[in-house]
Each structure stands twice: as C-alpha cells, then as structure tokens.
Amino acid sequence: MYKNKIWRWEIFCHVMELLGVLSVLGLACIFQFALQEIPCSLCLLQRLGLFGIALGFLMNLRFGFRPSHYAIVILSGIFTALVALRQIALHILPGTQDYGIPLFGLHLYTWSFIIAMIVVVFTTLILGIDRQYFSTTNRLIMNKWWHGLFAISFLLCLLNCAATLAECGFYKCPADPTHYLL
Amino acid sequence: MAFAFIFMMLAFGLTWMGKRQVIIPIFYLVLLMGTFLFITDITTKLSIQL
C-alpha cells in the first residue's frame with residue numbers, strides 16, 4: 001500500500017514536470033510560428049536541453065524509475081541553465097538590445113533559466129526517495145492516454161527538428177537570424 | 001544543430017517504442033553535440049569582441 005502510494009506520487013510529479021516542460025516548448029513554438037519570432041542559436045540549444053529533460057521523465061515513465069534516467073534530467077537541466085545564463089549575460093548590460101518579446105515581464109531565456117533550475121532542484125529531491133528503486137515492477141502499463149503523451153512529445157520534437165532544418169539547414173545556426181533558409 | 005534535433009527525435013521515438021539499450025548513448029551524443037555548439041558560440045563571440 002505504502003509502495004503504491006509512493007509510486008502514484010512519483011508518477012504524478014513526473015507528469016506535472018513533463019507537462020510543464022512540454023508547455024514551455026509549445027509556447028516557444030507559438031512564439032516562433034504565430035508571432036514570427038525566429039529562434040537564435042542559443043534559444044535552439046535551450047530547447048534541446050528542455051527536450052532532454054522531457055526525455056528523462058518519459059524514460060522514467062516507460063522503463064521504471066532508475067538513477068540513470070534522473071541523470072539525463074539533471075544533466076539536461078544544467079545544460080539548459082548554462083545556455084540560458086549565457087544568453088542573459090549577453091543582454092544584461094544597460095544599452096544592450098534584448099532578444100524577443102517578454103512574457104509576464106521576463107524574456108523567454110530568463111524563464112528558461114528559472115524552469116531549468118526548478119527542474120534540477122525538484123529532480124534532485126525526488127531521486128533521493130529510495131523506495132522507488134526497490135520495486136522491479138514499477139513500469140507503466142501503456143494505455144491510450146500515455147501513448148498520447150508520448151505522441152505529443154515526439155510530434156513537438158519533430159516540429160522543432162523541421163523548423164531547425166528550415167532555419168539553418170545542416171549548417172551552424174546564426175546568432176541573430178532574420179529569415180528562414182528554406 | 002539540425003543533427004542534434006534529429007538524434008533527439010530518434011531518442012523520443014525509441015523511448016516510445018520501448019527500446020532502452022540505445023537511448024542513453026544517443027542522449028549523450030546529443031549532449032556532446034550541444035556542448036560543442038555552445039562552446040563554438042562562446043568562442044566565436046569572444047573572438048569578435050577581442
């Protein structure tokens with residue numbers, strides 16, 4: 001009963017964190033396609049890091065809770081935070097131009113840093129719950145809702161992949177893009 | 001950059017299909033690519049500033 005309760009709590013935390021990260025990535029896509037904001041190279045690297053975080057959570061849900069999956073989440077979180085911090089540093093001085101439209105008073109790269117740090121701290125806290133690793137049958141039974149969650153993640157990644165190909169091709173992305181290559 | 005996204009998409013697809021063995025090496029490859037691109041970005045801007 002106790003193990004079951006812990007397991008359900010862990011699943012809930014994972015789904016919440018996953019939905020948070022996916023909504024940020026979805027919002028970035030809305031900014032890109034609806035508001036015609038072409039992402040810079042650092043913005044794309046942050047998206048890559050956020051996808052890494054989502055991948056770690058999805059692996060935990062699909063294959064059961066393992067420290068190696070949490071390692072993926074934390075490494076991706078640190079990577080996202082470092083890239084976001086670099087972009088914040090580029091625009092922090094007075095007189096330097098900022099990049100993109102602010103959301104609730106903060107730019108998307110600042111939100112990206114905040115979310116990455118929340119993910120790193122929260123994941124470090126939940127990976128310390130030892131009981132989750134004892135059960136050998138902590139894998140998820142896939143139903144249509146879980147398949148839907150996996151499908152949304154995959155399609156979002158596919159959309160970003162296509163958009164990156166259209167923006168940069170197979171070359172290095174420009175720091176301040178003004179148009180799509182294709 | 002596009003290669004990193006292609007490999008990430010592959011990792012998502014393999015997770016969905018349930019093939020665990022190759023996902024972790026693919027992820028570390030993507031992370032390596034991302035780190036390389038990040039360092040390239042920093043050094044390019046630094047060389048312009050200097």
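Modeller: Ala, Val, Leu, Ile, Met, Phe, Trp, Tyr, Cys and Pro count as nonpolar, Asp, Glu, Lys and Arg as charged, and the others, Gly among them, as polar. This is a predicted model, in which local features need pLDDT of at least 70 and side-chain atom pairs count only at pLDDT 80 or more, while totals for chains, interfaces and linings use all residues. Residues are numbered from 1 along each chain as its sequence is written, and chains are lettered from A in the order in which they are written.

The largest pocket has a volume of about 380 Å³. A pocket is an open set of points, on a 1 Å grid over the protein atoms alone, where a 1.4 Å probe fits, with protein on both sides within 12 Å along at least five of seven lines; lining residues have an atom within 4 Å of a point. The volume is the space filled by probe spheres set on the points, which are joined across faces, edges and corners. Of its 24 lining residues, Ala28(A), Cys43(A), Arg47(A), Leu108(A) and Tyr109(A) are the closest to the centre. Two or more lining residues come from each of α1 (2-33), α2 (41-63) and α4 (108-127) of chain A; helices are DSSP runs (H or I, at least four residues) numbered from the N terminus. α1(A) gives the most, with six residues. By class, this lining holds 17 nonpolar, five polar and two charged residues.

The second largest pocket contains about 290 Å³ of space. Among its 13 lining residues, the closest to the centre are His91(A), Gln97(A), Tyr99(A), Ala175(A) and Asp176(A). α3(A) gives the most to this lining, with three residues, and the classes are five nonpolar, five polar and three charged.

Note on methods
Side-chain values use heavy atoms; hydrogens and water are left out.
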